[in-house]
Amino acid sequence: MDIATLKELHPDHWNKAAAIRVLAMDAVEAANSGHPGMPMGMADVATVLFDKHLKFDASAPHWPDRDRFILSAGHGSMLLYALLHLTGYEDMTIEQIRNFRQQGSITAGHPEYGHATGIETTTGPLGQGLANAVGFAMAEEALRARFGKKVVDHDTYVIAGDGCLMEGISHEAIGLAGMQRLGRLIVLWDDNSISIDGDVAKSDITDQAKRFTAAGWQVLSCNGHDPEDIDAAITKAKSSKKPTMIACKTRIGFGAPTRQGTAKAHGSPLGAEEIAATRDAYGWAHAPFDIPGEIKSAWEAIGRRGADDHAAWAARFGEMSDRKRAEFNRVMAGEMPKKFFGTIRALKKQVSESQPKVATRKSSEMVLEAINPVLPETMGGSADLTGSNNTLTPDLGIFEPTNRKGRYVHYGIREHGMAAAMNGMVLHGGIKPYGGTFLCFTDYARGAMRLSALMGIAPVYVMTHDSIGLGEDGPTHQPVEHLAMLRATPNINVFRPADTVETAEAWELALAETKTPAVLSLTRQGLPTVRAEHKMKNLTAQGAYVLAEAEGKRQAILMATGSEVSIALAARDLLQAEGIGTRVVSMPCWELFEAQDEAYRRKVLPAGPVRVAIEAAIRFGWDRWLFGERGKREKSGFIGMHGYGASAPAGELYKAFGITAEAAAEKAKDLVAGRWAPDPRA
């Protein structure tokens, strides 16, 4: 459908869609960077969606039962910003549109969660929004099953581009959504056949319709510039019991005389001459950023359209019992019930008394068995490693199409899709997700984990088999650099607990947190209980603490995490037997220790004694604690990995790589005696 026909048959629609297009052109031109083509191409689809289908109230952007709209093709961010401004979101002023991509504005180059109301998730890394949307839709299903359709009854809409569908994460996401029969999930594919390099056919020949159909989706198509065709497709999608993908055939840069339908409209400003010609083609005689009052008023009416639905929802919500209302508000706010903390303390006391020797993955299971019954908002899962990750407890039940009250997800071998879906669940609200795989496979989940940290949300990543201690599976599965990679990522708390007590404390911190994701690095091999004396206080919350004090003059400090804490304690025994007073510091979470004040850090790591760090991972990062924080290089040493592991029983590997109490004690003795030499492997 060409511009003349659109204007003749659908004049009101045309004017509203044209407002999106000119704002996108003007903002990208003013910033001298950005992607105008996608908003210009998808403006008709977005206008129909917001005008006729999307349930929202611009004056109440956090209304829990609003439909969710996710722009997975985040490079087209001006589409979203224009919609938020036009429909009357208070914070999305015309000045913010003018300051697109500028320092201090809420209109970042790609939509960023928390910058502006109406941005449901951070997108830009392609495919992430699509995969987040699967989590949004799963959360909606789970909460509807728990609280009822009267208060939870909404759809999730996604605009995705060719790039989103080429990214591997899309395959994981659509497979999971199809299997789960997420009928409230509707994907609007911007089928414009153009990527930055040019025609998509240069790099991809996938039949996307057949691909989605094979994954269990309903697949529809429409002319992405025909409002009636778009409306009919979305209407049909809303009645499906399967997730729906609508292929919206569009022209990128719609209306730009020389750039429409080409890569030149994709990722750079159109230029003053092209913009002027496009304005002429549109019949738009207004100045940059000037939206005529009648068009802005028409859009604001759309923004108010959901007010009646919102009021009706509030009335239904008010009819619920006080207890159920309070519980709904609690889980949507991410608050912990009081009995949660008491449950953790009781478990710690029991463990300190019984002192089990178990792998910390089993410790984690013990914690989950205690807390899942008192936290109905937890939703667990694993990327096909349930029996290895120990993430399923008997009370959960399986989340599946026939049981939406189930709280455990079989994600399949989809680490990246799992992590992104967990992000979506957190962003939706009402769910505290955790998901498991091997620590080595954080490589597969990394893109979504980084976005957890960037957005400031708090899913829990249960990463087991965290060192050479996993044994015979060998170096392909033995993480050595992964702790360093995770610790190098801002705003992630990496917990490596030494026993069940520290594991319980780590879970307490991870679940109570709302702004920082957590990684629980857990062992395959059994570990002794090192915290035999019960403490009410959560010592892990300090990041590091003195586990065993030196007897006599303090000459050495052994620092360790996880499975190596017990090695440090054994090394301390050897050193104390030779009259070398040795302190052992357990460091379950570097990030939390770094956040402590100087006085506390000085108390734990005072100047003077030699320092030896023990961890079955590479040294990277340890120098901060070895010869930073009042330490000295010539009085520090490291016991750990300097390369990849090997395939053998765990005990043999620890000996082969020199991660033993004897090696740690010898290192400390050499340092005390002044025998220091630079380690060429460091």
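Strand S1 (residues 68–71) gives the most to the lining of the second largest cavity, contributing 3 residues. The model is predicted, so to speak in terms of its limits: local features need pLDDT of at least 70, side-chain atom pairs count only at pLDDT 80 or more, and totals for chains, interfaces and linings use all residues. Residues are numbered from 1 along each chain as its sequence is written, and side-chain values use heavy atoms, with hydrogens and water left out.

**Cavities**

A search of the whole structure turns up 3 cavities of 30 Å³ or more. A cavity here is a set of points on a 1 Å grid over the protein atoms alone where a 1.4 Å probe fits but cannot get out, and lining residues have an atom within 4 Å of a point. Volume is the space filled by probe spheres set on the points, which are joined across faces, edges and corners. For the classes, Ala, Val, Leu, Ile, Met, Phe, Trp, Tyr, Cys and Pro count as nonpolar, Asp, Glu, Lys and Arg as charged, and the others, Gly among them, as polar.

| Cavity | Volume | Lining by class |
|---|---|---|
| Largest | about 120 Å³ | 8 nonpolar, 1 polar, 5 charged residues |

Of the 14 residues lining the largest cavity, Leu54, Asp67, Tyr89, Gly118 and Glu120 lie nearest its centre. The lining of the second largest cavity includes Phe69, Ile70, Leu71, Gly118 and Glu120.

**The parallel sheet**

Now to an open sheet of 6 strands, paired in parallel in the order S9-S8-S10-S11-S13-S12. Strands are DSSP runs of E with at least two residues, helices are runs of H or I with at least four, and both are numbered from the N terminus; two strands pair if DSSP finds at least two bridges between them. Strands S9 (408–410) and S12 (493–495) stand at the edges with a single partner strand each, so one side of each lacks a neighbour in the sheet. Neighbouring strands are turned by 20° against each other on average, direction ignored. Strands S10 (residues 432–438) and S11 (residues 460–464) pair in the parallel sense over 5 bridges, and Thr437 stands opposite Met463 in S11.

**Two asparagines in loops**

Asn32 has a phi near 60°, a positive value in a residue other than glycine, and lies in the loop between helix H2 (11–31) and helix H3 (37–53).

Technical notes. On a 1 Å grid over the protein atoms alone, a cavity is a set of points where a 1.4 Å probe fits but cannot get out, and a pocket is an open set with protein on both sides within 12 Å along at least five of seven lines; lining residues have an atom within 4 Å of a point. Axes are lines fitted to C-alpha atoms, for helices over the stretch in contact, and angles run from 0 to 180 degrees between N-to-C directions.
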